[in-house]
Amino acid sequence: MYLRKNIATSESGFIFNPATGDSFSANPVAAEILLQLKQGNGAAQIKEWLLESYEVEPLRLERDWDEFINQLKEANLLES
Amino acid sequence: MKTPDNWLTIAVTGLNAIDSPGPGIAVIRALREGLNRPVRIIGLSYETLEPGIYMHDVVDKTYQIPYPAAGTTALMNRLQYIHEKENLQLIIPNFDAELPQFIKLAQTLRSMGIATFLPAAEQFEARDKVNLYQFGQNNQLLVPRDKIIHTVAELQSCEDAFGYPLVVKGKFYDAVVAYTLEQAQKAFYKISAKWGLPIIVQEFITGTEINIAVLGDGTGRMISAIPMRKLYITDKGKAWSGITLEDESLLQLAQAFTDATKWKGGCELEIMRTAKNELYIMEINPRFPAWIYLTAAAGQNQPAALARMALGEEQPVYEGYEAGKIFVRYSWDHITDIKEFHQISGKGEL
C-alpha cells in the first residue's frame, strides 16, 4: 500500500492531489501516518508505531486503520 | 503613433472583463509580463462599456471595430485606419465569432506588416461544435455523440437517441442541460433566438470538468499545455477560481489533439473525465480562454510565446509547470469619467 507518488502533504495536515485538484485536511495523527506512508513505511510498521505512541487497543486500531485506509482509497490517494 | 524601435505594438480584442469574461485582459497581462520588452497595447472593442477600454494602465489606447456581421471589408477598412495611426505589429483576436474574418484577412494583414498567429480555416472548421463528433471519430478521440438540428421537432429524435438529460448548445455560445422535452424545447428557442441555427444536441456525460489551455505552432509541435480544474463556477458555468493539475493523460490528450490538427495558435480543450477515467472532449474553443494568465503564473506564458512565434522569433517547447497554482477572480468597480464614455461612444476611440 503506497501513497500516490505525486500527492503533496504538509506537516499541518493539508493534502493535495495534483492530478485531480482535490485537497483534504487531516488531523495530526492522520498527517503523521500519511508522512510515514510517503516515506515508504509499511502498514505493520506504522501500526506498531501507533500502538507504541498512543493508548489504543490493537482491535480498535485495526478497525480505525481499515476505516482510514478506505477513506484514502475513496479519495484516490493510494496507488491502485 | 511613433514608438521607440524596441517597442512592440500589439492589438488585442476581448476587453469585456465582465462576469462571463473575454480573454483580452488576461492576454494583455501575460504579454506585458512575458515579452521582456516594452509593449504598447491597442484595444479593439465592440461595445462602449467593455471594461478594458477604461483600464488605461492595461490598455494604452482603444479603437472600436465593426461587428463581424458588417463583413470583412468594413473590418479591413477600420484596421487600416488603426494601423496608420498605431503601426501595429501583431493582432491577437480572442472571440470565436470574429476569428473567421481575421483568418480570412491574415494574408492581407501580413502584407501590411501585421502578424497574426491563427489556425487555418480548415482547422477552425474541423473543431467547430457542428463538426466535433466527426472530428473525434476521424482522430480516435472520445467526443460525446450529438445531433445537429434546425427545428424544434427534431428534439424528439434526440430524446430517442440519447435519453435525458441531454445538452442543448448554441453554435457559438450557451449550453443548457435539459431533463425533459419541455426544458429542451425552451432551451432550443432561447439559444436559437440569440445565436441562430443550427442547434447542437449532445449526449450528457457526467464527470469532472477539466480545461486545458493549449498552444500549437502549426506543425504539430505542442509548445505548451496547462490543465486546469474549475474550483468555483458562476451560474453561467464560467470558472471564477481554478487550479492547475499535473496529469500525464491530460497532456497526452492535448498532444493527440495537436498531432491531429497541427493546431496553430492558442485554444482551450473542454474535457470531462468520467468515473472510469475516460477523457471526453466536450468542446474545443479556438482561442485562449479567459483564465489564460494562469498559464503564465504556472510557468508557461502562452500569450507571450504566441507573440514570439507570430513575430518569427524562436520559441522552444515549454518544459514543466507548477501544479497546484490557483487563480481566484475578483470584481472591481472601476471608476471613469463621462468624458471618456463620450469619447469612445462618439469618436470610436479612446
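Me: Where does Pro165(B) lie?

Reply: Pro165(B) sits in the loop between α6 (155-162) and β6 (166-169) of chain B, where helices (H or I, at least four residues) and strands (E, at least two) are DSSP runs numbered from the N terminus. This is a predicted model, in which local features need pLDDT of at least 70 and side-chain atom pairs count only at pLDDT 80 or more, while totals for chains, interfaces and linings use all residues. Residues are numbered from 1 along each chain as its sequence is written, and chains are lettered from A and ligands numbered from 1 in the order in which they are written.

Me: And what is the peptide bond from Tyr164(B) to Pro165(B), cis or trans?

Reply: That bond is cis, with omega near 0 degrees. The bond from Leu197(B) to Pro198(B) is cis, also with omega near 0 degrees, and Pro198(B) is placed in the loop between α7 (181-195) and β8 (199-203) of chain B. As background, most peptide bonds are trans, and most residues other than glycine have a negative phi.

Me: Speaking of phi, what about Asn87(B)?

Reply: Asn87(B) is not a glycine, yet its phi is positive, at about 55 degrees. It belongs to the loop between α2 (72-86) and β4 (90-92) of chain B.

Me: Why does Asn87(B) count as partly exposed?

Reply: Asn87(B) is partly exposed because 16 other C-beta atoms lie within 10 Å; a residue is buried with 20 or more other C-beta atoms within 10 Å of its own, exposed with 12 or fewer, and partly exposed in between, the C-beta atoms being placed from the backbone. In chain A, Asn76(A) has a positive phi of about 65 degrees, is found in the segment after α3 (58-74), and is partly exposed with 13 other C-beta atoms within 10 Å.

Me: Switching to strands: how do β9 and β10 of chain B run, and how many bridges join them?

Reply: Strand β9 (residues 208-217) and strand β10 (residues 222-233) of chain B run antiparallel and are joined by 7 bridges, two strands being paired if DSSP finds at least two bridges between them. Ala213(B) has Ile226(B) in β10(B) as its bridge partner. The two strands form a hairpin with 4 residues between them, and Gly218(B) in the turn has a positive phi of about 95 degrees.

Me: What comes after that, on the β11 side of β10(B)?

Reply: β10(B) is joined by 5 bridges to strand β11 (residues 239-244) of chain B, again antiparallel, with Ser241(B) in β11(B) as the bridge partner of Tyr232(B). The hairpin of β10(B) and β11(B) has 5 residues between the strands, and Gly237(B) takes a positive phi near 80 degrees there.

Me: Which sheet do the strands of chain A form?

Reply: In chain A, 3 strands make an open antiparallel sheet in the order β1-β2-β3. β1 (8-9) and β3 (22-25) of chain A stand at the edges with a single partner strand each, so one side of each is left without a neighbour in the sheet. Between strand β2 (residues 14-17) of chain A and β3(A) there are 4 bridges, and Asn17(A) stands opposite Asp22(A) in β3(A).

Me: Now the whole of chain B: how many helices and strands?

Reply: Chain B has 11 helices and 14 strands. Its radius of gyration is 20 Å, close to the 20 Å that the globule rule gives for 350 residues, so chain B is as compact as a globular protein of that length; the radius is taken over C-alpha atoms, and the rule is 2.2 Å times the number of residues to the power 0.38. Buried residues make up 42% of the 350 residues in chain B.

Me: Which residues touch the most other members of the largest nonpolar core?

Reply: That core has 82 residues, and those touching the most other members are Ile10(B), Val27(B), Ile212(B), Val214(B), Leu269(B) and Ile292(B); a nonpolar core is a set of buried Ala, Val, Leu, Ile, Met, Phe, Trp, Tyr and Cys residues joined through C-beta atoms within 7 Å. Apart from it lies another core of 13 residues, including Cys158(B) and Val168(B).

Me: Last one, what does Phe341(B) contact?

Reply: Leaving aside neighbours within four places in sequence, Phe341(B) is in contact with Thr48(B) and Thr336(B), a contact meaning C-beta atoms, placed from the backbone, within 7 Å. Phe341(B) lies in helix α11 (residues 338-347) of chain B.

Key: Two residues are in contact if their C-beta atoms, placed from the backbone, lie within 7 Å.
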